[in-house]
Amino acid sequence: MIKAKDINEKTPWEDLTPGGEIYEPGTARDFNTGTWRTDTPVFIAEACKHCMLCVPFCPDSAIPVKDGKRLDFDFMHCKGCGICVTVCPFAAIKMVSGGEGA
Amino acid sequence: MSICLSGNEAVAYAMKQINPDVMGAFPITPSTEIPEYFAQYVANGEVNTEYVTVESEHSSMSVCIAAEAAGARSVSATSSCGLALMYEMLYVAASNRLPITLACVNRALSGPININNDHSDSMGARDAGWIQIYAENNQEAYDNFIMAMPVGENVRLPVMSCMDGFITSHAVENIELLETDAVRAFVGEYKPENFLLKKENPLAVGPYDISAYYMEHKVQQAEAMKAAKTRILEVAAEFEKLSGRQYGLFEEYQMEDAELAVVLIGSSAGTAKAAVNELREKGVKAGIIKVRVFRPFPGEELAKVLAKTKAVAVMDKSEGFSANGGPLFAETRSALYDLRERPYLIDIVYGLGGRDLKTEDVEKIFARLAEVASTGKTGDVYSHMGQRRRGQDESGL
């Protein structure tokens, strides 16, 4: 049973799984989808009260949490949708124009 | 066991004997009786099937897709606009490689709206990636349905088991049934290697396929369809041992020395065989090819048999609106291209929306073939038969 990490854009058709099915969970973690971003959120740590409202609203689970505190964005998976900015009650996130390197 | 059953009841009975895990059920004429009979089996406790009633055919096929992915053997039945409403999900089932079995009771596809038989519904879905097997009569409808799962589950492709609406689905014929134990042993348990409910390894089905992978997955599907041809013949050979009834990719009737041949699909083969019997008595070397398996199309095999003939009429029971002939004609003509010596070939579109085909009509086609063979002039390669025309008889020939 071939694992997702062993499949890439050079894998011949004979070695791919039927219908592209994936035999393990959580493989989205391994892929850099942050490149799709055209706007980028900026985390303003000093304004953040760690209320954790942004975390469940993030559609891409791109806001990591450690020891009860939110950390900076996981830019490998953030798509820049801006939902976090809208739900933040403390103006601790702002959006800037531009993708990956913004 | 010999018993009198309609085509629909025969297929419902085959389903009962198979005892599938899930049925996605939504009624549409003329296939309605299949889920109707099956509902009685469920209510009587004769099967353990989860009978899921839904609000549309898009949903009945979706139920089958989800259930099959979960590891449950799934069936459904539909016709015409129902099949059309499934259209998107037919592709999803095939590309996710889920071997669902669908009884398709062929009916004209709107419009104008019509409930009678032709093949426009399943022919419209011919490129969806489903195996398509067509029955001539009730016995074949029953037998084909039982053979469908050992074929589809082996190559991981869904199977459409087709019969002609009303002509086959509602006509009652004496047929031979197999013992239920024999059917269950023949079909076996559905044991996919991976399925959603297999807790040892969580599975993702139907992920988004970017350009870097899509083409490879389509090649896999195409290869599976090629492999299906061999598997269909293997299963047919096993089925013959069990039932004594012989099946191939197509049936050759009086083809050994035939100079003139008609290629067609489904119940019209019975009418055509009767016509051939009469013509043979008059010394006409006429034969019939009844295509049983349309997907995968038995092109090479068909070309080999037709190579010996002088003139061939393909009879299409659907209008492809290609302005160049129907789908069966397109496939047959393409299959003959690689022959060094080819017979003359014409296409007759007939029987649309339940327009009747009589033995006299088939005899007229053979008369035209005799003329084509002797003069070398095909006339209109693509024509229609059975419609009224100004100043001509309704054979349209």
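**B:L90**

I started with B:L90 and counted 22 C-beta neighbours inside 10 Å, so B:L90 is buried. The cut-offs I used: buried means 20 or more other C-beta atoms within 10 Å of the residue's own, exposed means 12 or fewer, and partly exposed is in between, with C-beta atoms placed from the backbone. I placed B:L90 in helix α5 (residues 87-95) of chain B. Helices (H or I, at least four residues) and strands (E, at least two) are DSSP runs, numbered from the N terminus. Leaving out neighbours within four places in sequence, I found B:L90 in contact with B:M61, B:A125, B:A128 and B:W130. Contact here means that the C-beta atoms of two residues, placed from the backbone, lie within 7 Å. I also checked B:L90 against B:P112: they are 22 residues apart in sequence and 24 Å apart in space, C-alpha to C-alpha.

**Ground rules**

This is a predicted model, where local features need pLDDT of at least 70, side-chain atom pairs count only at pLDDT 80 or more, and totals for chains, interfaces and linings use all residues. Residues are numbered from 1 along each chain as its sequence is written, while chains are lettered from A and ligands numbered from 1 in the order in which they are written.

**Chain B overall**

I looked up the secondary structure of chain B and got 13 helices and 15 strands. The C-alpha trace spans about 70 × 50 × 45 Å along its principal axes. Chain B has a radius of gyration of 21 Å, which agrees with the value near 21 Å for a compact globule of 397 residues. That radius is taken over C-alpha atoms, and the globule rule is 2.2 Å times the number of residues to the power 0.38. Of the 397 residues in chain B, 51% are buried. I then took the contacts in chain B between residues at least 6 apart in sequence; 80% of them join residues at least 24 apart.

**α1 against α2 in chain B**

How do α1(B) and α2(B) cross? The axes of helix α1 (residues 7-18) and helix α2 (residues 33-43) of chain B come within 8 Å and cross at roughly 40°. That makes α1(B) oblique to α2(B). Axes are lines fitted to C-alpha atoms, for helices over the stretch in contact, and angles run from 0 to 180 degrees between N-to-C directions. Under 35 degrees counts as roughly parallel, over 145 as roughly antiparallel, 65 to 115 as roughly perpendicular, and the rest as oblique.

I listed the contact residues: B:N8, B:E9, B:V11, B:A12, B:M15 and B:K16 on α1(B), and B:E33, B:I34, B:Y37, B:F38 and B:Y41 on α2(B). By class, this contact has 7 nonpolar, 1 polar and 3 charged residues. Ala, Val, Leu, Ile, Met, Phe, Trp, Tyr, Cys and Pro count as nonpolar, Asp, Glu, Lys and Arg as charged, and the others, Gly among them, as polar.

Next I checked burial in α2(B): B:E33, B:I34, B:P35, B:Y37 and B:F38 are buried. Their cover includes α1, β2 (22-25), β4 (74-78) and β5 (101-106) of chain B. After α2(B) comes B:G45, with a positive phi near 75°.

**The A-B contact**

I counted 19 residues of chain B in contact with 11 residues of chain A. Helix α9 (residues 211-243) of chain B gives the most to the chain B side, with 6 residues. That side divides into 8 nonpolar, 7 polar and 4 charged residues.

**Backbone checks**

Most residues other than glycine have a negative phi, and most peptide bonds are trans. I noted the exceptions below.

- The peptide bond from B:T29 to B:P30 is cis, with omega near 0°; B:P30 lies in the loop between β2 and α2 of chain B.
- B:S110 and B:G111 are joined by a cis peptide bond, with omega about 5°; B:G111 lies in the loop between β5 and α6 (120-124) of chain B.
- A:D67 is not a glycine but has a positive phi of about 50°. A:D67 is exposed, with 5 other C-beta atoms within 10 Å.
- A:A91, also not a glycine, has a positive phi of about 50°. A:A91 is exposed, with 10 other C-beta atoms within 10 Å.
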